[in-house]
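Me: I have a model open and would like to go through some of its local features. Could we take them one topic at a time?

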Amino acid sequence: MIAIPSNTEAQSDLKLWFKPSMGDLKPIPFYEAGYFAEESIRHQAADMEFTRHNAGLIYPAWQNAENEWTLNTSIDYIDFDTRAIFPDSGRRFPDDLTSLQFGTTYRRLFDNDWIGGGNLQFGSASDELFDSGDEMETRATGFLRIPSADDNAWLLFLHYSNNREYLNNIPLPGAGYYFQPTEYCRAAVGIPFLFLDASPFEELRIEMNYFALRKVHAQVTYEMMKPVSLYTRFDWDNDRFFLADRLDDDDRLFFYEKRIGGGVKIELARNVYLDLSGGFAFDRFFFEGEDYDDRNDNRIELDDGPFAAIRIGVDF
């Protein structure tokens with residue numbers, strides 16, 4: 001099985017689309033809250049602190065040995081306390097940002113053991129949800145898993161998004177190869193992703209994931225004693241929103257951030273866990289533009305600072 005941790009949207013999607021088994025899905029709810037301490041805005045007489053709430057559910061609506069149909073929804077809400085302004089336009093930074101998403105995925109196991117399917121996502125990512133059609137977000141993906149030797153497989157997909165970090169609104173193909181050199185090591189190499197999941201010994205797990213262009217997750221987990229695990233990790237992530245008052249409809253608000261820290265994961269009941277973490281967030285900035293090449297336009301840079309987070313979820 002492709003055991004990709006679900007700390008980012010792309011990782012959760014790949015884990016669901018390319019898993020080799022059929023008909024064994026369980027409902028997967030989660031909730032996460034994080035607090036990011038007040039820090040100065042560079043080149044402005046203003047500060048910023050914010051809290052972030054993320055909740056979602058993947059629900060298997062219908063499944064059997066050859067078919068799977070799932071529904072999913074998620075909400076990501078960021079509440080800002082700041083007097084920051086965009087330096088080029090003079091507009092105020094929004095009080096909050098929200099991404100509300102709905103989606104569905106269908107997978108089919110064919111007679112030759114290939115698994116194919118598709119995913120459709122729609123929603124809104126903005127400071128004013130569904131204010132107009134210009135704040136709508138749409139994603140669609142077709143995917144195919146072709147078994148190879150042993151438990152290996154070729155992974156193929158075609159992806160469209162109107163809110164991608166790069167090459168927005170262009171359908172892009174992707175391909176990779178999943179392989180399991182040992183019982184305790186799994187990996188996938190492809191375009192636009194890389195992933196490694198290894199357990200050198202029973203209590204230790206190493207995870208590394210990369211998604212183009214600027215999404216990185218690396219984590220080392222040590223199971224100190226059941227049901228308690230300790231971990232340290234690094235994340236490089238980004239988000240994109242359609243501001244309702246933007247001056248150019250092609251512009252988006254980008255938010256880039258790196259985080260390093262650690263935490264403790266406690267199994268509360270079978271498959272139900274509590275995750276407490278904290279650390280340091282750095283290299284944080286916002287900008288408005290069409291893509292990363294515009295990163296100096298209306299740029300707001302936030303000083304480095306601490307964060308703390310709590311997550312409750314189900315892990316099958």
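**Aromatic pairs and other local features**

Reply: We can begin with Phe18, which counts as buried at 1% relative accessibility. Please keep in mind that this is a predicted model.

Me: Which element holds Phe18, and what ties it to Phe143?

Reply: Phe18 sits in the loop between helix 1 and strand 1 (28-40), while Phe143 belongs to strand 6, so their pair ties together parts that are 125 residues apart in sequence. The ring centres of Phe18 and Phe143 are 6.0 Å apart with the planes at 75°, so this pair is edge-to-face.

Me: How many aromatic pairs are there overall?

Reply: The count comes to 25 aromatic pairs. One of them joins Trp17 and Phe143 in a stacked arrangement, at 5.3 Å centre to centre and 10° between the planes. Trp17 lies in helix 1 (residues 9-17) and Phe143 in strand 6 (residues 136-147), so this pair links parts that are 126 residues apart in sequence.

Me: And Trp17 and Phe143, buried or exposed?

Reply: Trp17 is buried, with a relative accessible area of 6%. Phe143 is buried as well, with a value of 4%.

Me: Which residues do ring pairs link into a cluster?

Reply: The cluster consists of Phe36, Phe50, Phe80, Phe86, Phe93, Phe255, Phe286 and Phe307.

Me: Where is Glu288 found, and is it buried or exposed?

Reply: Glu288 is part of strand 15 (residues 272-289). Its relative accessibility is 5%, so it counts as buried.

Me: Changing topic: how many cavities of 30 Å³ or more are there?

Reply: The structure holds two of them. The second largest cavity has a volume of about 30 Å³, and its lining is made up of Arg233, Asp235, Arg259, Ile260, Gly261 and Phe307. Strand 13 (228-241) and strand 14 (252-269) are the elements that give two or more residues to this lining. Strand 14 supplies the largest share, three residues.

Me: What classes do the lining residues of that second largest cavity fall into?

Reply: Two are nonpolar, one is polar and three are charged.

Me: What is the volume of the second largest pocket?

Reply: The second largest pocket has a volume of about 250 Å³. It is lined by 15 residues, and the closest to its centre are Asn162, Asn168, Asn169, Asp249 and Asp250. By class, the lining has four nonpolar, four polar and seven charged residues.

Me: Last topic: what is phi at Asp113 and at Asp150?

Reply: Asp113, a residue other than glycine, has a positive phi near 75°. Asp150 is not a glycine either, and its phi is positive at about 55°. Asp113 belongs to the loop between strand 4 (96-109) and strand 5 (115-126) and, at 48% relative accessibility, counts as partly exposed. Asp150 is in the loop between strand 6 and strand 7 (153-161) and counts as exposed at 77%.

Methods:
Residues are numbered from 1 along each chain as its sequence is written. This is a predicted model: local features need pLDDT of at least 70, side-chain atom pairs count only at pLDDT 80 or more; totals for chains, interfaces and linings use all residues. Side-chain values use heavy atoms; hydrogens and water are left out. Helices (H or I, at least four residues) and strands (E, at least two) are DSSP runs, numbered from the N terminus. Buried means under 20% relative accessible area, exposed over 50%, partly exposed in between (1.4 Å probe, protein chains only). On a 1 Å grid over the protein atoms alone, a cavity is a set of points where a 1.4 Å probe fits but cannot get out, and a pocket is an open set with protein on both sides within 12 Å along at least five of seven lines; lining residues have an atom within 4 Å of a point. Grid points are joined across faces, edges and corners, and a volume is the space filled by probe spheres set on the points. Ala, Val, Leu, Ile, Met, Phe, Trp, Tyr, Cys and Pro count as nonpolar, Asp, Glu, Lys and Arg as charged, and the others, Gly among them, as polar. Rings of Phe, Tyr and Trp (its six-membered ring) pair if their centres lie within 6.5 Å; planes under 30 degrees apart count as stacked, over 60 as edge-to-face and the rest as tilted.
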